[in-house]
Amino acid sequence: MADLTTKYLGLTLRNPIIIASSGLTDSFEKITELERNGAGAVVLKSLFEEQIILEAEHNLKEAGRNRLIYAEFSETLDYIDVHIRDKELGKYLDIIKQVKKELTIPLIASVNCVSDIGWTGFAKQIEKAGADALELNIFIMPFGFDNNCDEIEQKYYKILRKVKQEINIPVAVKISPYFANLGKVILNLESEGANGVVLFNRFTSPDIDIENINVTIAEVLSSPFEMTNSLRWVAILANRLKIDIAATTGIHDGKAVIKQILAGASVVQVASSLYINGISHITEMLKYIESWMDKKGYNYIDQFKGKLSQEKHSHPDVYERLQFMRYFSKLK
Amino acid sequence: MNNINEYLKEERNKEWRVELRKSMKAKERTDKMRVHMPEADPMIRNKNSEEVNKGLVLQNAVSEAARCLDCAKPTCIDGCPVGINIPKFVKQIEAKDFNGAASTLKETNALPAVCGRVCPQEIQCEATCFYTVSLKKDPVAIGHLERFAADYERNNGNTSVPVVDKPNGIKIAIVGSGPAGLACASDMAKWGYEVTVFEALHEFGGVLKYGIPEFRLPNEIVDVEIDVMKKMGVKFRKNIIIGKTLTFDDLREQGFKAFFVGSGAGNPSFMNIPGENYNNIFSSNEYLTRVNLMNAANDAFDTPVISGKNVAVIGGGNTAMDSVRTAKRLGADRAMIIYRRSVEEMPARVEEIKHAIEEGIEIMTLHNPVEYFADEKGRVNKMKVQKMELGEPDSSGRRRPIPIENSEFDIEVDTVIVSVGVSPNPLIPSVLPDLNISRWGTIEVNPETMQSSVEDLFAGGDIVRGGATVILAMGDGRLAADGMHKYVSEKVKIN
Amino acid sequence: MYRVVEKEIFSESVIKLVIEAPEISRSRKPGHFVIVRIDEKGERIPLTISGADEKKGTITLIIQRVGVTSCRLTDLNPGDFIRDVAGPLGKATHISKAGTVLCAGGGVGVAPLLPIVEGFKKAGNRIVTVIAARSKDLVILEEQIRLYSDELIIMTDDGSYGIKGLVTHGMEEVIKREKVDMSVVIGPAVMMKFASQLTRKYNIPTVASLNTIMVDGTGMCGACRCSVDGKTRFVCVDGPEFDAHSVDFDEMLQRLGAYKDKELETYQEYLKTRS
């Protein structure tokens, strides 16, 4: 009988399927359902620095519109962003506390960072509330075209360093693949103290509606074909990193999970697949993995984890092949 | 509206007004400089609780009143939240009918001595004065004149009691004896209602007593105004918490037909930063209540207050100013304001900031506390602050404060007063599930009538506004009285 | 003005006063407290209402003489007046049917415990009460609380009455021998801290009634703030009862000592004037 127990960031999970930070993980009730349906761990929906700022702005606008609320010269209005941040953070911490009190599933808190200032106090409170680990979702938007790569990269390390100084629970860093020297950046994150890396963050993308001639949002859910980028990099890095890798984007079925583990990932994070197929799909995925393991004679995940990672593979250059060369030369 | 304009015109055309206008040429009036309010010496007044503004002397008040041009279209009234007939009372001062001026004030303003002291006239009546708008000169000192008339009447023992209509036997309950409740009670009493004001504390006046310090608004003045209301027949009951001691149903059973809730926004906000619960860190409400309401600075009174040598007050509004200036008077060597934006963004009245600086208050703008530290007994002894710079304005127009990296440093403090706002007292909303409450915890009302979602319940002041001024609260009280009067009259007709 | 109608001296330091306050007596429930101010110069202090008689229109306060205000209050006699009494304040006790409720009262904490014991007993619970005091003459309300307890255990520090030991010893004996579904602990902060540490060990849900410094008592100043589950709460409006296992008792003890020096000074002055 296959044993799916996995270790990630030093935590023991009953299986390698983690539900990613998304609308599926934003309340105690939803997390309860995910636990019931077999999820190995959950990443609590991100606390957005931006969202708090927007909420404060929204309140200010509302106050401005309602001619009775908060006279111009009101002290409360002056500090309203402080009060809102407090309230939002309070709600976030409440979910963590309730999950830790009433459920057993490992809970990873998540914070979205868009700047390297001002918010790191959250990390300590998140730890105090009982979160098992913290996932930093960092994307520093390069403003304008003036900053050079190094400056931007340094900000990532700075955030990580600051957070590691403040807390003792494990910290994972989720990044996008858009770096000139991606491999080096990830190795640097490891040496700066990250306990795990999550590859890769998937952004909302713009699309264009040619009928109404305006800009819209492209398909919000991932597709299985999008898995290939993280697959490549998981394989390349798996034996070069001591820390855990969580693979994410486009993992829609049990097969995909197995592929990532073969490449060297410790765990996967899923979201879109559950939006499409429902939460019970977790059980389907787990069943598939178990039955494959049984078929191949594996009792434990470790027996096949990283089997096809680059260093282990007899032909390592297969992961580095970027151009198609001879494969497509004629149109059918 | 037309009634009011008609009334104003009628008054303006009275003989004495016409004569008065003729008695001095307009140019002679506009050539005068605006009177200067005498102030107590800063280095003396910062050690006592004497009023900072000493009040105009008679000749200067008369002379200032003469500056008023008695405009045919008095724009000053547009700026007044309670609609005082400003030209009339000002001209009465010029005509040396000071008691008359006080009576005129009391037609619309139950607390003229209070408003003359604490109203931000500079953004109200004086901002819309003809001098400000058209002549680009200093406006008529309407606030100082209001105070003069009210003080004159009081000091000469002539405190007038407004005329009240014949009693109609209908009982009205006012919850809260702060400015909103008092203004509402006053109007209802004038119209013959049997009014009872219920107050949770042991003194009447609400924020006028516990919040505003003696050196800005002596408590004695508040008591005189409340006395007038008692003479008008208003009943006052203290130590009654409506919703706890007596419920609204109890009051309905006792025959009260309508309610005005003016329970205020006394719930203090904190910043929730590490160390904020160490000893000797207070909300401005606690600090000011101990000093102003409980006389804690006076050894003859039992309530203690801790106010040390290095006092930091966090915030930039009037309450912060009141707190820091109180701390100075209680012996602080360093009395500091720690405000995260700049002076331009400070919500406090310009006059209060000016007085504070004169008194030796250190205004540290662009600083924000991030953590407090304490000694082995848990008493705060140090505060870590971070420097800020200002970015883009937020939706309120104030520039956003952005922390500057690695700019933190420590300041020695032994007392900290947190003055970053208040929220509405949650008691009454919590006992009335049918009452619609906004996202800020305020009672939602129809802005024309101040009626809430509970038909016999009206509300005004900070419980509706979240945290505003005395005069706006009074305006609400008056508007609600209007609304209640119409509501009760219709109900009585139906029955 | 609120008239004192009855006075009973339990011991040199614990005195019962019955006060005329008809409106309060009518709306009062177990767990409520009042804020009392003796006179013009007096300070406002919180006192739990340990009983009320709606017919007579009176409330009962049990006061321990620990400082100037409590001494002056307990020096009053029937016929004297208290200037201001405001209430009932705080949230009433949440009475439920839990099964077996272990109630623990330390010192004068037995006074606020009494109405809660009565409430839980009337709700059909089995009540085991442990009351503790330093010595025999500081044990109060024994007969009253026995009336509503299925079992009453009395502990004294010096063994002069009941069993020698601390309230936690008495509590642990009970916990070890029978299933306890819930616990209520009231007394000095230090006592509540250790009593709740004990019940946490055995996973028994526990309620504590906090007694912090207060000024207005209606939620407007924050003097009574404490940390419950990491959040700041006001004892006067969110409490006075909280989940004992979430209360930061160390912080509460720290805050209770804020005026200790001043209090001691004025108390000594006061004692001088009396001798």
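This is a predicted model: local features need pLDDT of at least 70, side-chain atom pairs count only at pLDDT 80 or more; totals for chains, interfaces and linings use all residues.
Me: Why is A:Leu9 called buried?
Reply: A residue is buried if 20 or more other C-beta atoms, placed from the backbone, lie within 10 Å of its own, exposed if 12 or fewer do, and partly exposed in between. A:Leu9 has 24 C-beta neighbours inside 10 Å, and therefore it counts as buried. A:Leu9 sits in the loop between β1 (6-8) and β2 (11-13) of chain A, where helices (H or I, at least four residues) and strands (E, at least two) are DSSP runs numbered from the N terminus.

Me: What makes the phi of A:Leu9 worth a remark?
Reply: Most residues other than glycine have a negative phi. A:Leu9 is not a glycine, yet its phi is positive, at about 55°. B:Asn280 also has a positive phi, near 70°, without being a glycine, and it lies in the loop between β5 and β6 (281-283) of chain B. B:Asn280 counts as buried because it has 22 C-beta neighbours inside 10 Å.

Me: Which peptide bond involving A:Phe200 is cis?
Reply: The bond that joins A:Leu199 and A:Phe200 is cis, with omega about 0°, and A:Phe200 belongs to the loop between β9 (196-199) and β10 (206-209) of chain A. In chain C, the bond from C:Gly87 to C:Pro88 is cis with omega near 0°, and C:Pro88 is in strand β7 (residues 84-89).

Me: How do you know that the radius of gyration of chain B agrees with a compact globule?
Reply: The radius of gyration is taken over C-alpha atoms, and the globule rule is 2.2 Å times the number of residues to the power 0.38. For 495 residues a compact globule would have a value near 23 Å, and chain B has 24 Å, so the two agree. The C-alpha trace of chain B spans about 70 × 60 × 50 Å along its principal axes, and 51% of its 495 residues count as buried.

Me: How do you know that chain B and chain C are in contact, and how many residues take part?
Reply: Two residues are in contact if their C-beta atoms, placed from the backbone, lie within 7 Å, and 31 residues of chain B are in contact with 33 residues of chain C. On the chain B side, α16(B) gives the largest share, 4 residues.

Me: How many residues take part where domain 1 of chain C touches domain 2 of chain C?
Reply: The domain bounds, which come from an automatic or database domain assignment, are 2-89 for domain 1 and 100-256 for domain 2 of chain C. Here 16 residues of domain 1 are in contact with 19 residues of domain 2, and β4(C) supplies the largest share of the domain 1 side, 4 residues.

Technical notes:
Residues are numbered from 1 along each chain as its sequence is written. Chains are lettered from A and ligands numbered from 1 in the order in which they are written.
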